[in-house]
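Me: I'd like a close look at one single part of this model, please. After that, do carry on to the parts around it.

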Amino acid sequence: MSSGLLVVGGGQAAVQVACSLRESGWQSPITIVGEEVALPYQRPPLSKAFLAGKADADSLALRSDDYFAREGIEVVRGARVTQVTAPGADGTAPGVAVTSGGRAFEFAHLALTVGASPRRLSLSGSDLLGISYLRDLSDAETLKRDLAVAKSVVVIGGGFIGLEAAAVARARGLHVTVLEAADRLIGRVVAPVVSEFYREAHERRGTKVRLGASVVGFEGREGRVTAVELADGTTVPADLVVVGIGVVPRLALAEQLGLECDNGIVVDEYARTSHPAVVAAGDCTTTSHPFAGGARVRLESVQNAVDQAKCAAATIAGRAEPYTSVPWFWSDQDTLKLQIAGLSSGFDTALVRGRPEEEKFSVLYYRDGQLLAVDAVNSPRDYMAVRRALAAGRTIDPERVTDMSTALTPV
Amino acid sequence: MPTIHYICPDGTRRDVEAAAGLSVMEAAVKQGVPGLIAECGGAAACATCHVYVDEKFAAAVGEADDIEAEMLDDAMAERRPTSRLACQIEIGDALDGMEIEIAAVQ
């Protein structure tokens with residue numbers, strides 16, 4: 001298969017690279033090698049609908065077995081690539097990837113879609129049973145089983161994953177405490193007004209939120225966690241702990257290949273790495289982003305995985321299609337549907353439209369009068385308006401934002 | 001299993017036999033039916049699975065809720081009375097034989 005493409009990593013970006021190539025008529029062999037046993041699936045519902053029992057593993061599959069067979073896309077599951085060598089510069093020697101089980105795959109093109117791993121705690125007691133992370137399907141299946149018998153859940157980390165898991169646990173009637181080390185929730189992404197809204201919204205639903213709470217260790221009995229210890233000397237009882245403190249990009253293979261990395265595999269707007277035979281896409285990459293004023297960002301989102309993978313596929317097929325997509329994100333927490341379009345970092349003005357106390361509002365972010373982003377809570381109309389404005393390179397008059405009698409209109 | 005007839009933006013027709021319980025979006029995407037993007041995977045968060053449903057099945061399909069209706073109002077393609085997000089329609093025997101026209105832009 002030395003004329004073919006090897007995709008290492010079996011998630012959303014992997015499937016998109018393969019599907020986009022087939023849709024464009026590319027006929028060389030494609031092999032996807034992924035560590036997980038399941039067919040490639042959607043990850044976002046794991047902390048939302050799947051955990052809440054509203055979606056099953058089958059419904060998460062991105063494509064069916066027969067789709068892959070029909071399109072000539074080989075999907076090798078449960079295999080971890082540990083060694084990789086790039087093709088020779090003169091094009092004579094193919095690249096080779098070898099799995100931990102000793103299976104070798106030759107390739108002409110390599111796509112790294114290896115994703116990221118959850119950041120792990122390394123504290124006294126952090127290997128006790130009942131302390132869980134949430135990244136893949138098996139994590140989610142374990143957590144779902146544990147939630148069915150848990151009484152007191154402590155969530156460490158007040159970001160999206162943590163808050164989504166907290167919302168599911170609380171909706172089951174469990175005692176839930178969210179511990180966040182910073183002074184506000186989701187601080188990396190949203191304005192203080194949105195952080196404060198989410199703190200109040202979770203507390204209204206009966207979840208305790210403790211900010212500035214620094215975890216120093218865990219207490220256990222018979223190998224199982226019983227409480228979380230905080231730096232202020234207090235403890236919070238827990239029979240289940242969910243840790244959601246961010247992810248670390250998987251860079252081992254990129255480093256073996258000598259690719260430029262900077263908290264992610266550095267790619268350009270065509271998803272090209274610093275090696276001509278290697279593209280990369282998804283959570284493992286960092287790129288100078290058109291919606292971040294050219295600053296280098298590493299986005300963890302389906303949108304980024306999909307759009308970057310499309311650029312990667314175009315590059316492999318010999319076309320140049322630059323990445324120009326508007327970033328967008330969503331988070332479902334109980335009845336709160338958050339939709340974000342754009343990147344708000346660096347904003348100087350945040351305007352609130354609607355009524356946070358009614359759990360239906362949006363926040364529009366500006367810098368120097370230019371529209372950057374929206375966080376829309378149960379306000380899809382505002383989200384759609386901003387997403388369209390950003391995609392068209394337009395803005396929305398800040399003077400009109402707070403006037404609820406008029407719809408947001410791009411100008 | 002119910003069969004759904006998809007009419008793709010380029011005019012081609014794809015018939016998909018779908019397990020009851022899947023959504024109209026999932027049944028299409030898993031088989032690679034072109035035209036549906038469905039980036040959010042069925043969370044009614046992205047409005048990229050905009051379809052027009054067969055009027056004969058309108059009652060069986062039901063109406064969009066408020067969130068979905070707001071998304072459709074601002075979707076990229078024309079909003080029609082038959083507009084729905086395919087991820088919000090669950091396939092059952094009552095939908096066997098339904099035609100689904102995929103909106104040209106998502």
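Reply: Let's start at a hairpin: between β13(A) and β14(A) there are two residues, and Glu222(A) there takes a positive phi near 50 degrees. This is a predicted model, in which local features need pLDDT of at least 70 and side-chain atom pairs count only at pLDDT 80 or more, while totals for chains, interfaces and linings use all residues. Residues are numbered from 1 along each chain as its sequence is written, with chains lettered from A and ligands numbered from 1 in the order in which they are written.

Strands here are DSSP runs of E with at least two residues, helices are runs of H or I with at least four, and both are numbered from the N terminus. Two strands count as paired if DSSP finds at least two bridges between them. Arg221(A) stands opposite Arg224(A) of β14(A).

The automatic or database domain assignment divides chain A into domain 1 (5-117 + 248-316), domain 2 (120-245) and domain 3 (335-400). Between the C-alpha centres of domains 1 and 3 of chain A the distance is 31 Å.

Next comes helix α6 (residues 192-204) of chain A. Its 13 residues reach 18 Å from first C-alpha to last, close to the expected 18 Å, where the expected span is 1.5 Å times one less than the number of residues. Buried residues of α6(A) include Val194(A), Phe197(A), Tyr198(A) and Ala201(A), and also Arg199(A) and His202(A). Buried means that 20 or more other C-beta atoms lie within 10 Å of the residue's own; 12 or fewer make it exposed, anything in between partly exposed, and C-beta atoms are placed from the backbone. The partners against which the buried residues of α6(A) pack include α5 (160-171), β11 (175-180) and β23 (336-342) of chain A. Just after α6(A), Gly206(A) has a positive phi of about 100 degrees.

Chain A also has an open, parallel sheet of five strands, ordered β3-β2-β1-β7-β19. At its edges are β3 (73-76) and β19 (278-280) of chain A, each pairing on one side only. Neighbouring strands of this sheet are turned by 20 degrees against each other on average, direction ignored. Three bridges link β7 (residues 109-112) of chain A with β19(A) in the parallel sense, and Leu112(A) stands opposite Ala280(A). Across β1 (5-8), β7 and β19 of chain A lies helix α8 (residues 302-316), at about 165 degrees to β19(A). Such angles run from 0 to 180 degrees between N-to-C directions, with axes fitted to C-alpha atoms, for helices over the stretch in contact.

A further open sheet in chain A is antiparallel, with the three strands in the order β4-β5-β6. The strands β4 (81-85) and β6 (104-107) of chain A form its edges. Strand β5 (residues 95-99) of chain A is joined to β6(A) by four bridges, with Ala97(A) opposite Phe105(A).

Finally, chain A meets chain B through 23 residues of chain A and 17 of chain B. Contact means C-beta atoms, placed from the backbone, within 7 Å. On chain B's side, α1 (24-30) and α3 (66-73) each supply at least two residues, and α3(B) gives the most, with four.

Conventions:
Contact = placed C-beta atoms within 7 Å.
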